[in-house]
Amino acid sequence: MKIALIAHDKKKDLIIEFSKLHEAYLKTHQLYATGTTGKKIMEHTNLSVNLKKSGPLGGDQEIGSMIANGKIDMVIFFRDPLTAQPHEPDVSALLRLCDVYNIPLATNPKAAELFLGELKSK
Ligand SMILES: O=C(CO)COP(=O)(O)O
């Protein structure tokens with residue numbers, strides 16, 4: 001599967017923790033991430049992540065474009081619902097495209113755990 005991993009700044013620690021916890025399983029998939037999220041995941045794990053631009057610099061749109069072109073199968077995006085983002089329109093567009101293309105989208109760790117649990121059971 002092609003999985004996109006994204007986290008807003010205040011959620012970076014959470015996505016690192018999640019990636020470490022599920023490292024062995026995530027290793028069996030192709031991973032993509034917005035710039036800073038992906039770099040941090042690679043710093044803290046042995047995962048190899050295909051890096052896009054940083055979210056505020058177009059990374060969300062790059063991932064959105066991949067979704068529109070059938071190149072992403074699942075999105076794990078730990079959003080920060082309590083902090084305004086300068087690139088909010090890009091964030092909304094990415095979430096919207098997940099619904100347009102019926103791509104599973106986990107926006108918090110519990111949802112992501114459920115998704116991986118379901119995948120692992122297959
Ligand atoms: O801003 C983001 C998602 O909207 C994430 O971008 P970074 O991973 O580059 O911090």
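A residue is called buried if 20 or more other C-beta atoms lie within 10 Å of its own, exposed if 12 or fewer do, and partly exposed in between, with C-beta atoms placed from the backbone. The model is a predicted one, in which local features need pLDDT of at least 70 and side-chain atom pairs count only at pLDDT 80 or more, while totals for chains, interfaces and linings use all residues. Residues are numbered from 1 along each chain as its sequence is written. Helices (H or I, at least four residues) and strands (E, at least two) are DSSP runs, numbered from the N terminus.

The buried residues of α4 are Gly 59, Asp 60, Gln 61, Glu 62, Ile 63, Gly 64 and Ile 67, and what covers them includes β1, β2, α3 and α5. Just after α4, Gly 70 takes a positive phi of about 70 degrees.

**The sheet**

Five strands form an open sheet in the order β3-β2-β1-β4-β5, and the pairing is parallel. β3 and β5 stand at the edges, each with a single partner strand, so one side of each is left without a neighbour in the sheet. Two strands are taken to pair if DSSP finds at least two bridges between them.

|---|---|---|---|
| β2 (residues 30–33) | β3 | three | Leu 31 and Val 49 |
| β1 (residues 2–7) | β4 | five | Ala 4 and Val 75 |
| β5 (residues 105–106) | β4 | two | Leu 105 and Val 75 |

The chain crosses from β4 to β5 through helix α5 (residues 88–100), and this β-α-β crossover is right-handed, a term for a path that, with the strands pointing away from the viewer, runs clockwise from the first strand over the helix to the second. Within the sheet, four of the five residues of β4 (residues 74–78) are buried, so this strand is largely enclosed by the rest of the structure.

With 13 residues, α5 reaches 18 Å from its first C-alpha to its last, close to the 18 Å expected at 1.5 Å a residue, where the expected span is 1.5 Å times one less than the number of residues. Its buried residues are Asp 90, Val 91, Leu 94, Leu 97 and Cys 98. Seen down the axis of α5, these buried residues fall within an arc of 125 degrees, so they line one face of the helix; the arc is that of the directions from the helix axis to the C-beta atoms. An α-helix has 3.6 residues a turn, so residues three or four places apart point the same way. What covers the buried residues of α5 includes α4, β4 and β5, whereas the face turned away from the buried side carries the exposed residues Glu 88, Pro 89, Ser 92, Arg 96, Asp 99 and Val 100.

Gln 85 has its place in the loop between β4 and α5, and counts as partly exposed because 16 C-beta neighbours lie inside 10 Å. Leaving aside residues up to four places away in sequence, Gln 85 touches His 8 and Val 91, contact being defined by C-beta atoms, placed from the backbone, that lie within 7 Å. The C-alpha atoms of Gln 85 and Lys 71 are separated by 26 Å, although these residues are 14 places apart along the chain.

Asn 102 is found in the loop between α5 and β5, and has a positive phi of about 55 degrees although it is not a glycine. Most residues other than glycine have a negative phi. Asn 102 counts as exposed because it has 7 C-beta neighbours inside 10 Å.

Gly 55 is buried because 27 other C-beta atoms lie within 10 Å. Not counting residues up to four places away in sequence, Gly 55 touches Ile 6, Thr 34, Asp 60 and His 87. Gly 55 and His 8 are 47 residues apart in sequence, and their C-alpha atoms are 8.5 Å apart in space.

Notes. Two residues are in contact if their C-beta atoms, placed from the backbone, lie within 7 Å.
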